[in-house]
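I opened the notebook to jot down what I could look up here.

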Amino acid sequence: MNRIIKVARMQLINKATFIGIPLIILGGSFLFTLAIWWLVRRNGSDEGLYSGGAQAPMWYFLALGIQALTLTFPFSMAMSISRRTFYLGTVALFSVCALVLSVFYYLIGLLEVATGGWGMGGQFFALQWIADNNWLVQILFYFVLMVLLFMVGFLIATIYMRWRTTGMVVFFTLLGVVVLGIIALFTFGNYWDQFWSWALNWTAAGITLWGGLVALLMAGGSYLTLRKATA
Amino acid sequence: MPRTTAIATRELSKTYKDVRALDNVSLELEPDRIYGLLGRNGAGKTTLMSILTGQNYADQGTAEIFGHAPFEHDPTLSRICFIRESQKYPDDFKVHQAFKSAALFFENWDEELAQDLVEAFALPTRRRIKKLSRGQLSAVGVIIGMASRADITFFDEPYLGLDAVARQIFYDRLVEDFAEYPRTIVLSSHLIDEVANLLEHVIVIDKGRIVIDSDAEELRGTAVTVTGEDAKVQEFIGSAQIIHRDALGALASVTIKAKLDSEQREQAKLMGLDLSPVSLQQLVVRSALSSTTETGIDERTEARK
Amino acid sequence: MIDDSKPIFLQIAELIENDIISGVLAEEAQVPSTNEFAAFYRINPATAAKGINRLVEDGLLYKKRGIGMFVTEGAPRRLREQRREKFQQQFITPLTAEASKLGIGLDELVAMIKTGSDS
């Protein structure tokens, strides 16, 4: 247990990676959005203002998932840490960071609503579609999305660590074949209309549930892959 | 009470694609000694150390550290330190951050020793590891290895890029610190002459096989080079095992495996033959060469087909 | 100093013996510790210990518990006697062999030794 916490402390030696950069990305994206909104309002528009800027740090988490593994895993081997301990420490650390950020999203979302969308009627944190849900679903929704993206990066990186270039080629070839297959199936079967009506009916709660399940599957997959990876 | 074995392997084998990196390696290493793991580049040294430290795994056979398989076993791993020659560090890490990390995981970490070595190697600790020269990078590995004071420490060609002065600092500090804090040290090297006197035991690996596994002191003086008139050299060496032979006209210089007594030495002098000692390095090179000559020829004929 | 002709522990023992014979290490004087020898000659401490232990076994050095290693009384005299016995074999035989190879007769050899020791 002790060594798992030490892995988290090792990942935090450079605080920018797990804490600083996501906050800078979020802050930058938010200020940029506010500036645009202000310009829009100044030009007299009174349409609703929405921004997807809150997603920005989430895409960084995809990169972080890759980086936490490729850069730190070979070093963790030199620190005489088992793969299991490295995995648990790293994933636990990210989960805590993601949870804190999710709660922050929820709280600042409340503030956003209370201030009438920062006085400009904008929606950055509290997008209607999410903010309509109860607090637990809101927090879990953000959390699952963050973990999901981190896990995508983490899984790809573990596959690389275990099977190197061969692993990458096989993985992306298979992925390409599957995606093409689905597109072909939908196109030739004329299922696209059905697909879009199905896709647009997803609720935040549904995404949270299924996203969580997929994240768990990827977590399990990357764990099993990492157990025999070599530095 | 019987002494526990620090490292034990039985019939360890590992194949990468079509290269047999380790071939039936069986070894036993006792605690609190300095071992030399010698051999040419690509002989299997790093593969062996990776398996012993759980960084890699064998296809066949077993490896045990203090009686326990190291793979994914934290209590065992925590007693080992192995910084690879090509060790990767997180891109954003500065030198002092790598040490901070090592201090977290190595229970016997000695910060004072680490700082002392930083000064001795004139290492810029605020610099990013990515930006270090090859020698400075080696110094980082050496410092982590030394200051970890792990029960078993592996040094993997630790001197790459270090100049003669820095290498001497490393050897001196190693002897000094080992004398004060005995532990098992495995020093992998192909610069044998430099480390020969530091070693208590020598393991030579070639093409994945162990060709020498012997006390360093027992090896010293086990071979001798006899130089002189070809016929007389032949007469003198008789049926002794020949490790190497050079000829120049009527002159021959033959290295044989033999421990000569004073009578034989006298006889050689009377016959007008020169006897010269064989260094550990020469012995290792010769042994490795003679163990691979046949396969070397095989490969060449294979290639011609 | 240290070479490859024979085991290092023997060479260490000989180096200490030489110091005892020449008086660098006087009778009852303290001998440097194993670790000091190891550091000075850059050799394995276990090897240095082996060399020193050999002299202890021969009774040329003795241990004072917790203090260190000392030269036994009478050690220089005993060593000189031992070395005298080896002198013939180590120096005289090869000397005469080399001399006969060069065609130097016994008288000439003696004369050379005399001039050599005068200078």
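I started with chain C and counted 5 helices and 3 strands. Helices here are DSSP runs of H or I with at least four residues, strands are E runs of at least two, and both are numbered from the N terminus. Going from the N terminus, I wrote the order of elements in chain C down as α-β-α-α-β-β-α-α.

Before going on, I noted that this is a predicted model, where local features need pLDDT of at least 70, side-chain atom pairs count only at pLDDT 80 or more, and totals for chains, interfaces and linings use all residues. Residues are numbered from 1 along each chain as its sequence is written, chains are lettered from A and ligands numbered from 1 in the order in which they are written, and side-chain values use heavy atoms, with hydrogens and water left out.

Next I looked up the dimensions of chain C. Its radius of gyration is 18 Å, while a compact globule of 119 residues would have one near 14 Å. That radius is taken over C-alpha atoms, and the globule rule is 2.2 Å times the number of residues to the power 0.38. The C-alpha box of chain C, along the principal axes, is roughly 60 × 30 × 25 Å.

How much of chain C is buried? I got 31% of its 119 residues, with buried meaning under 20% relative accessible area (1.4 Å probe, protein chains only). I also checked contacts, meaning heavy atoms within 4.5 Å. In chain C, 50% of the contacts with a separation of 6 or more come from residues 24 or more positions apart.

Then I turned to chain B, where I found 11 helices and 13 strands. Its C-alpha trace spans about 65 × 50 × 45 Å along the principal axes. Of the 305 residues in chain B, 52% are buried. For contacts in chain B between residues at least 6 apart in sequence, I noted that 68% join residues at least 24 apart.

My last entry is on domains, whose bounds come from an automatic or database domain assignment. For chain B, that assignment gives domain 1 (7–219) and domain 2 (223–304). I looked up how they meet: 14 residues from domain 1 of chain B and 12 residues from domain 2 of chain B take part in the contact. The C-alpha centres of these two domains of chain B lie 33 Å apart.

Note on methods
Buried means under 20% relative accessible area, exposed over 50%, partly exposed in between (1.4 Å probe, protein chains only).
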